[in-house]
Amino acid sequence: MTILPRSVIQLVYLAALIVTPAMAALDKNSEHATTTLGIYKTIVEMDSSKNSGGATEVANYLAAEFSRAGFPEQDVEVIPVAQTSALIVKYRGKANSPHPPILFLGHMDVVEALAKDWERPPFTLTQDKGYFFGRGTLDNKFGIAQISGTFISLKKAGYVPDRDLIIAFSGDEESGMQSTRYLARRPDLLKAAYAINTDAGGGVLTDDASAVVYRVQAAEKTYVTFEMEVKNPGGHSSRPRLDNAIYDLADALKAVQALRFPVMHTPMTLNYLQQTGQLTGGKTGKALMTFANNPQDKAAADTLFSMPEYVGTTRTTCVATMLGGGHAENALPQSAKATVNCRVFPGSEVQEVKATLQKAIANDNVSITTLTDYIESPVSELRDDVFKAITQAVEKRYPNVPVMPYMESGGTDGMHFRNAGIPTWGVSSIFLNPKDMYAHGLNERVPVDGFYDSMTHWTTIIKSLAGQ
Ligand SMILES: [Zn+2]
């Protein structure tokens, strides 16, 4: 789960189109709600941070719950991967269905939490002041509990989908993603038509709990970090030589600063900028809409280039983030290094970006090394049936809220599945005020009403996609 970009937070304040919730009475006592809450409480109270072994505990607990609800033994698999585990649960559809399966993604691990820094114990589900507090209450045990509770409730109600529905939960999304890589290589999962991720997307609320927009994560930029290094024989600083590691590196960094990657777009990014422009209005809104209508409009592209909240949706970006060099105040530097972090637009390759940097720097003394183990993934353009299913789920709760696919900077399980050829959309059931976004942070929380209000989300999506 990633943090809401500033552009969306601004939308909350600028939106001309604000929709108040349908607020159907929340049924907190339904079997679906109590089952989901039971799962939520149990898994939040299992510390599944890195190296804790807790994600395996979560997988085993969930597997037992699925078995108890009537899922056959052979359809519930806990698979040990590296220091953690993955969980696969198959909800069998009608026999001989011509339709390929649908995957539902989530991750059972959480980011570490230092109890002494928290106001309440991080690994206890505490209900207080209208919130559920605890590590993972949002990221991603919220999604895990909601989709698991829905699978179990549908099974108990005797629902038979018109195709197989498959849960694929990873156990180390927040660290090495070894279990994600395993899942994204499983031949039975690769038969899926597409995947729906509980760990991204979601609705945006204002301070008076009205909804502005519902966002669907449809793409992730490739995250890659390079190290630029210059080596030099050095020498005594009283006898400066013409070549100098620090000067060479400084020139290289200035070249990176001046570099503008070409404008890029997909139907999804243009639609996002168009809709955002309409909601935003003013000069910024005009630039967004002009770009959306004609990405070659240089003035509009230049305006967006200068705006941190939009530049990333219009092109690949690379920026210097760390710097070091030299070893003594009276010695010529023998080496100088800088870290450059890039977010690569889908459709561009990391190797191309590296070559572009090398060309811009135009100095053979500067070596560029790729530091990250990157994953490239294409845009998942939204299918009509999936768009319709999401819209139905959103309308039940917040009528007339626009549903808007967007591109994220990268970091969820989704990119591994997109990389493996499975279109993937992040479709969390949460509607959240950006002020309540504490994923990875202290005192992570979810509004209690948002928890119960989510109860129709997955049922609506599943029945829309896999039959009533
Ligand atoms: Zn997450």
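Predicted model: local features only at pLDDT ≥ 70, side-chain atom pairs only at ≥ 80, totals over all residues.
I'll start with strand 6, which covers residues 165-170. Six of its six residues are buried, so strand 6 is largely enclosed by the rest of the structure. You can see this on the two faces.

Which strands does strand 6 pair with? One is strand 2, residues 84-91, which pairs with strand 6 in the antiparallel sense over five bridges. If you want to find that pairing on the screen, go to Val89, whose bridge partner in strand 6 is Ile167. Another is strand 3, residues 102-107, which runs parallel to strand 6 and is joined to it by six bridges. There the pair to look for is Ile102, standing opposite Leu165. In general, strands of a sheet pair through backbone hydrogen bonds, in either the parallel or the antiparallel sense.

Met177 is in the loop between strand 6 and helix 5, residues 178-183. Its phi is near 60 degrees, a positive value in a residue other than glycine. Is Met177 buried or exposed? Its relative accessibility is 7%, and the cut-off for buried is under 20%, so Met177 counts as buried.

Compare Asn51, in the loop between helix 2, residues 31-44, and helix 3, residues 54-68. Asn51 is not a glycine either, and has a positive phi of about 65 degrees. Here the relative accessible area is 66%, and Asn51 is exposed.

Helix 2 and helix 3 have their axes 10 Å apart, at an angle of about 155 degrees. The cut-off for roughly antiparallel is over 145, and helix 2 and helix 3 are therefore roughly antiparallel to each other. The crossing of helix 2 past helix 3 is right-handed. From helix 2, the contact uses Gly38, Ile39, Thr42 and Ile43, and from helix 3 it uses Val58, Tyr61 and Leu62. By class, that contact of helix 2 with helix 3 has five nonpolar residues, two polar and no charged.

An open sheet of four strands has the order 12-14-10-15, and its pairing is antiparallel. Strand 12, residues 317-325, and strand 15, residues 366-370, are the edge strands, each pairing on one side only. On average, neighbouring strands of this sheet are turned by 25 degrees against each other, with direction ignored. Strand 12 and strand 14, residues 335-344, run antiparallel and are joined by eight bridges. Cys318 has Cys342 in strand 14 as its bridge partner. Helix 6 packs on this sheet and touches strand 10, strand 12, strand 14 and strand 15, with its direction at about 15 degrees to that of strand 14.

Helix 6, residues 245-258, also packs against helix 11, residues 350-361, at an angle of about 120 degrees with the axes 8 Å apart. That makes helix 6 oblique to helix 11. Helix 6 passes helix 11 in a right-handed crossing. Ala252, Ala255 and Val256 of helix 6 meet Leu357, Ala360 and Ile361 of helix 11. The residues of this contact are six nonpolar, with no polar and no charged ones.

The other sheet I want to show is open too, with three strands in the order 4-5-19 and antiparallel pairing. Its edge strands are strand 4, 126-128, and strand 19, 445-447, and each of them pairs on one side only. From one strand to the next, the twist averages 25 degrees. Strand 4 is joined to strand 5, residues 131-133, by three bridges, and the two run antiparallel. The bridge partner of Gln127 in strand 5 is Phe132.

Where is Asn140? Asn140 is in the loop between strand 5 and helix 4, 141-156. The peptide bond from Asp139 to Asn140 is cis, with omega near 0 degrees.

Notes:
Residues numbered from 1 in each chain as written. Heavy atoms only, no water. Axes fitted to C-alpha atoms, helices over the stretch in contact; angles between N-to-C directions. Parallel < 35°, antiparallel > 145°, perpendicular 65-115°, else oblique. Left-handed = near helix turned anticlockwise from the far one by under 90°. Contact = heavy atoms within 4.5 Å. Nonpolar A, V, L, I, M, F, W, Y, C, P; charged D, E, K, R; others polar. Buried < 20%, exposed > 50% of the residue type's maximum accessible area, 1.4 Å probe, protein only. Pairing = 2+ DSSP bridges.
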